[in-house]
Amino acid sequence: MLRKNRLFTPGPTPLLPAAQTAMASFTAHHRTADFRALFQRVLSDMKEFVGTRNDVLVLSCSGTGVMEASVSNLTSPGDKVLVLTAGKFGERWTGLAKAFGCNVDVLAAPYGATFSLGDIRAKLTSDVRAVFVQATESSTGARHDVQAIAKIVRANGDDTLLVIDAITGLGTTHLDVDGWGVDVIIGGSQKALMMPPGLAYCAVSERAWRRMDATTSPRYYFDLRKERKSAGKGESAYTPATSLFAALGAALEFIRGMGNGDLAKGREVLVDNAELCAEMTRAGAEALGLKLYAASPAAALTAICSPDGVDSGKLVKEFRETFDAVVANGQGEMKGQLFRIAHIGYYDYLDTIGILGALEHVLARVTGKTVEYGAAVGAAQEVYARGLSKRQPVGA
Ligand SMILES: *Cc1c(COP(=O)(O)O)cnc(C)c1O
């Protein structure tokens with residue numbers, strides 16, 4: 001049968017056609033009035049996409065670049081920081097903070113789990129200069145309770161900054177950045193923005209800008225104060241990935257269209273879309289007797305445990321070979337144990353039903369067991385027909 005190549009990976013995600021054509025035809029030099037107009041429009045729209053009044057900066061790098069920038073700009077060697085980790089991306093925070101000489105305290109939850117709020121409170125002494133955490137841990141599919149974590153960190157006083165890697169959280173999760181007092185929130189182009197990799201962004205609070213006046217960790221390319229100054233003049237400090245800015249402009253217009261002309265509304269619609277695709281997928285997987293890996297599953301992606309005795313790599317391979325569908329294996333120690341299906345960005349009903357239909361065939365082929373065809377698809381259709389159900393709050 002004809003096969004279409006489709007990405008179901010939690011980054012990079014499927015590309016928005018309008019973003020691709022905007023990139024392909026873009027030629028403007030970055031020190032021109034035309035580019036400045038695009039750059040300024042994109043930065044201002046990005047505030048609405050993130051949902052903040054804080055400055056948003058868009059840098060030419062992958063998400064990890066801005067994670068690094070948040071460490072190098074906000075800390076000095078020897079600073080005590082707290083990393084909350086429950087997966088491979090949480091571990092990245094630990095590695096980054098150590099690389100910049102921070103005195104790193106780690107609160108680790110098991111893979112697939114989230115944090116006990118009491119444990120966070122116990123770790124949060126008054127000398128902690130910053131807390132680093134994910135909104136959604138893409139390696140396990142877990143959702144962390146950013147609102148509750150922010151409440152605890154804010155109660156620790158203004159000397160403790162909260163930095164959120166929301167690289168798969170933005171556009172899939174309702175996040176009240178300003179209301180909750182998040183100091184830095186980070187996103188990437190290859191996730192909910194439906195674009196290729198290459199841009200990453202952050203919103204930065206006044207508290208965090210003030211911190212940067214005093215910190216001494218080395219930084220040059222990722223000097224956020226320098227970028228902020230240039231952004232004020234409609235430019236980036238160095239050559240930006242110009243064509244990706246054109247793609248970003250188109251992606252933001254698409255999201256605005258989802259909100260009937262209101263970008264903030266469009267963001268909410270995009271989040272609800274991911275939530276619904278995720279809920280359909282969870283119902284489908286469970287209807288096939290499969291277990292979910294995360295106790296508090298995110299809308300960005302669903303991590304599904306491989307059936308007992310089956311290496312998930314075989315399922316991933318079968319998806320690829322039979323349907324040209326790219327789903328993600330587990331990362332690191334989780335390799336072989338789970339597979340991950342994304343809902344972040346440009347996914348719709350047909351994508352979701354399609355991957356679940358494919359999952360039924362993949363399971364039958366790989367396990368050799370009888371699969372009740374239509375079980376996963378039917379369960380997902382029930383969810384769709386019912387509409388988005390009321391969700392329980394996570395964490396606690
Ligand atoms: C994709 C992702 C990143 C960034 O990875 P890059 O490869 O540097 O773009 C960071 N954190 C999470 C949670 C992610 O999903």
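1. Helices (H or I, at least four residues) and strands (E, at least two) are DSSP runs, numbered from the N terminus. With that numbering, helix 3 gives three residues to the shell around the ligand, the largest share.

2. This is a predicted model, in which local features need pLDDT of at least 70 and side-chain atom pairs count only at pLDDT 80 or more, while totals for chains, interfaces and linings use all residues. Residues are numbered from 1 along each chain as its sequence is written, and side-chain values use heavy atoms, with hydrogens and water left out.

3. Around the ligand there are 13 residues (a heavy atom within 4 Å). S62, T64, S138, D165 and K191 come nearest. The shell holds three nonpolar, seven polar and three charged residues; Asp, Glu, Lys and Arg count as charged, Ala, Val, Leu, Ile, Met, Phe, Trp, Tyr, Cys and Pro as nonpolar, and the others, Gly among them, as polar.

4. The side chain of T64 has an N or O atom 2.4 Å from an oxygen atom of the ligand. For D165, a polar side-chain atom lies 2.6 Å from a ligand nitrogen atom. Q190 places a polar side-chain atom 2.7 Å from an oxygen atom of the ligand. The protein buries 87% of the 380 Å² that the ligand exposes when taken alone (Shrake-Rupley method, 1.4 Å probe).

5. An open sheet is formed by three strands in the order 11-14-13, with antiparallel pairing (at least two DSSP bridges between two strands). Its edge strands, strand 11 (301-305) and strand 13 (328-329), each pair on one side only. Two bridges join strand 13 to strand 14 (residues 338-342), and A328 has R340 in strand 14 as its bridge partner.

Definitions and conventions. A polar contact is a pair of N or O atoms within 3.5 Å; within protein, one must be able to donate a hydrogen and the other to accept it, and residues adjacent in sequence count only if both atoms are side-chain atoms.
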